[in-house]
Amino acid sequence: MPEGDTVRRTATALDRALAGKTLTRCDIRVPSFATVDLTGGTVEEVIARGKHLFIRVGGASIHSHLSMEGAWRLGAARVAPHRIRAVLATADTRATGIDLGLLEVLDRGQDMESVAHLGPDLLGADWDAELAVTNLLTDPDRPLAVALLDQRNLAGIGNVYANELCFVTGIAPDSPVSAVPDLARLVARARQMLSANLSRSIRVTTGDTHRGRELWVYGRAGLPCRRCGTAILTATVGRRIAFWCGSCQR
């Protein structure tokens, strides 16, 4: 499940592979942009903003969102053709966009307008912790997990991190934002978690990189809590599945 760290890592890999190179192929497989051909253009850079990715080519910007299952792969992509949304190639490499939740081609000078609604980017150079806290407090009665997933508050958190952050904070995902005793500390932990996983292929929040020990609660319904042994609970909070420990979280 792509979250802010995954998108940032993807942007870095694509930038290293494509930046400064001329496109020898540009195949956008979305009806609204199927006639766009940036072949011959030079890839200037690939950047991430929250969970959005921008491949800037000359005066254009290819904007994508990985959604739940999307990915960009370098090299050969052995997947069914109907899953491929974009193919970009240079003389020595190929990038394939697969199962992308959003794909569009924007004017380079206006591409950031498409993400102007986002809150501070947890992994961005313009990260603003105080603004993130202020945004979360605009609706203190909102369930914490739902507020953390709202990219308008702070950008980069997906469902895995939302659940894990609720656990380490000791607050149930359906408890209100106002129940958090120290939002500044929660926001700082969010940034630490995502930053720590930038160089990892497998997401870890417990500090234990052994297989099956990486996460505190996410995806562990019915299994014993790693701290107290109580069975992990699960339910839908907002529109997303949530996991928590009924003893460690209130």
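These legends describe close-up views of a predicted model.

Local features are given where pLDDT is at least 70 and side-chain atom pairs at pLDDT 80 or more, while totals for chains, interfaces and linings use all residues. Residues are numbered from 1 along each chain as its sequence is written, and side-chain values use heavy atoms, with hydrogens and water left out.

**View 1. The two domains.** The domain assignment gives domain 1 (4-115) and domain 2 (129-245); such bounds come from an automatic or database assignment. Taken over C-alpha atoms, the centres of domain 1 and domain 2 are separated by 29 Å. Nine residues from domain 1 and twelve residues from domain 2 take part in the contact, where contact means heavy atoms within 4.5 Å.

**View 2. The largest pocket.** The largest pocket holds about 380 Å³ of space. On a 1 Å grid over the protein atoms alone, a cavity is a set of points where a 1.4 Å probe fits but cannot get out, whereas a pocket is an open set with protein on both sides within 12 Å along at least five of seven lines. Grid points are joined across faces, edges and corners, and the volume is the space filled by probe spheres set on the points. The largest pocket is lined by 14 residues, and Lys51, His65, Leu149, Gln151 and Arg240 are the closest to its centre; a lining residue has an atom within 4 Å of a point. The lining is made up of six nonpolar, five polar and three charged residues. Here Ala, Val, Leu, Ile, Met, Phe, Trp, Tyr, Cys and Pro count as nonpolar, Asp, Glu, Lys and Arg as charged, and the others, Gly among them, as polar. Because domain 1 (4-115) and domain 2 (129-245) both give residues to the lining, the largest pocket lies between them.

**View 3. Helix H1.** Helix H1 covers residues 4-18; helices (H or I, at least four residues) and strands (E, at least two) are DSSP runs numbered from the N terminus. Buried residues of H1 include Gly4, Val7, Ala11, Leu14 and Leu18; buried means under 20% relative accessible area, exposed over 50%, and partly exposed in between (1.4 Å probe, protein chains only). Among the elements that cover them are strand S2 (43-49), strand S3 (52-57) and helix H4 (159-169). Gly20, with a positive phi near 85°, follows H1.

**View 4. Helix H4.** H4 is mostly covered, with eleven of its eleven residues buried. Tyr161, Glu164 and Phe167 are among them. The cover of these buried residues includes H1, helix H3 (144-149), H5 and strand S10 (240-245). After H4 comes Gly170, whose phi is positive, near 80°.

**View 5. Ala60 in strand S4.** Ala60 sits in strand S4 (residues 60-65) and is buried, with a relative accessible area of 11%. Leaving aside neighbours within four places in sequence, Ala60 contacts Leu38, Ile55, Val105, Leu106 and Arg108.

View 6. Ser67, in the loop between S4 and S5, has a positive phi near 55° although not a glycine. Its relative accessible area is 33%, so Ser67 is partly exposed. Asp99 lies in the loop between S7 and strand S8 (102-107), and its phi is positive, about 50°. Asp99 counts as partly exposed at 22% relative accessibility.

Definitions and conventions
Expected span 1.5 Å × (residues − 1).
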